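Subject: Structure for your review

Dear colleague,

Please find below the structure that I am handing over to you, together with its sequence. My findings follow directly after it.

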Amino acid sequence: FPLDNLEVGPNNNRLFQRRSFLTVNTNGIKASAEGFSALAGPYDVVVAGGSIAGLAFAAEAAKRGLSVLVAEEHAEIGEPEKCDGLVSLKGLRMFGFAPDRSVIQNQIASGVVHSPGGHDLVVNATALEVVVLDRSAYDRQVCAKAESWGAEVRRGARVAGHREIDGGVAVRVGEETIEAKYFIDATGPSSAPKEGMLSAAK
């Protein structure tokens, strides 16, 4: 995404921040933070949502030495499917999450837009390398990458809310309250926590 503006200390396990929240843009899968001060806690980051945005962020953060917990409300990663998986391979490669060939179902060379007035517009998609993915399988692929780099992924664990505390954030995961330095709401507008940052989108 990359996390170029997050800083890891000399012992490779301390994240520095001034604010306790990062923002995730699920279209660009980007994270940002401004200013830094040393914090302590059992996790550097708690991520709500085990779909592509949350898992890709978790994989990248864990790869850089941060301790990451992903809380996914469903019992299985990738279920139910979140969308039809029409994506650009060029874009996914740019972020370092190119899908395995086994999850690519079809390639799209062009599309036609039909207007109400009877005019057709042909769109050439070859430059973007547009493909159709098995989204469930792709989510599981990214999840496996995140776990292989050290992220903890809890299935069947819904984030019920969060609140800022001294030096970080307290996140309610099921019946448990977990302290972390950052909280990332990557659930999307349809299933954002009641106290989440995406309430306006709902």
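The buried residues of helix α1 are covered by elements that include β3, β4, α3, β10 and β13. This is a predicted model, and the description below should be read accordingly. Of the 12 residues of α1, 11 are buried, so the helix is largely enclosed by the rest of the structure. The buried residues are Ile-52, Ala-53, Gly-54, Leu-55, Ala-56, Phe-57, Ala-58, Ala-59, Glu-60, Ala-61 and Ala-62. Helix α1, residues 52-63, lies across β3 (43-48), β4 (68-72), β10 and β13 (176-185), and runs at about 165° to β4. After the helix comes Gly-65, which has a positive phi, near 95°.

Turning to the sheet, six strands make up an open arrangement with mixed pairing, in the order β10-β4-β3-β13-β12-β11. At its edges are β10 (152-155) and β11 (159-165), each of which pairs on one side only. From one strand to the next, the twist averages 40°. Strand β11 runs antiparallel to β12 (residues 168-173), and six bridges join the two. Within this pair, Gly-161 stands opposite Arg-172 of β12.

The largest nonpolar core contains 31 residues. Val-45, Val-47, Leu-55, Val-68, Val-70, Tyr-138 and Val-142 have the most contacts inside this core. At least two of its residues come from each of β3, α1, β4, α2 (89-94), β9 (130-133), α3 (135-148) and β13. Helix α1 gives the most, with nine residues. There is also a second, separate core of 13 residues, which includes Val-46, Ala-48, Ala-71 and Val-173.

Which residues does Val-70 contact, leaving aside its neighbours within four places in sequence? They are Val-47, Gly-49, Gly-50, Leu-55, Ala-58, Glu-152, Val-153 and Arg-154.

I also looked at Ser-88, which lies in strand β5 (residues 86-88). Is Ser-88 buried or partly exposed? Buried means under 20% relative accessible area; Ser-88 has 21% relative accessibility and therefore counts as partly exposed. Ser-88 and Glu-129 are 41 residues apart in sequence, yet their C-alpha atoms are 5.5 Å apart in space. With neighbours within four places in sequence set aside, Ser-88 is in contact with Leu-128, Glu-129 and Val-130.

Finally, some values for the chain as a whole. The protein chain has three helices and 13 strands. It comprises 202 residues, of which 43% count as buried. Among contacts between residues at least 6 apart in sequence, 64% join residues at least 24 apart. The accessible surface of the protein chain comes to about 10700 Å², and 50% of this belongs to carbon and sulfur atoms.

With kind regards

Methods:
Residues numbered from 1 in each chain as written. Predicted model: local features only at pLDDT ≥ 70, side-chain atom pairs only at ≥ 80, totals over all residues. Heavy atoms only, no water. Pairing = 2+ DSSP bridges. Helix = DSSP H or I, 4+ residues; strand = E, 2+ residues; numbered from the N terminus. Axes fitted to C-alpha atoms, helices over the stretch in contact; angles between N-to-C directions. Contact = heavy atoms within 4.5 Å. Core = buried A, V, L, I, M, F, W, Y, C linked by side-chain atoms within 4.5 Å. Buried < 20%, exposed > 50% of the residue type's maximum accessible area, 1.4 Å probe, protein only. Areas by Shrake-Rupley, 256 points an atom, 1.4 Å probe, with all protein chains shown as cover.
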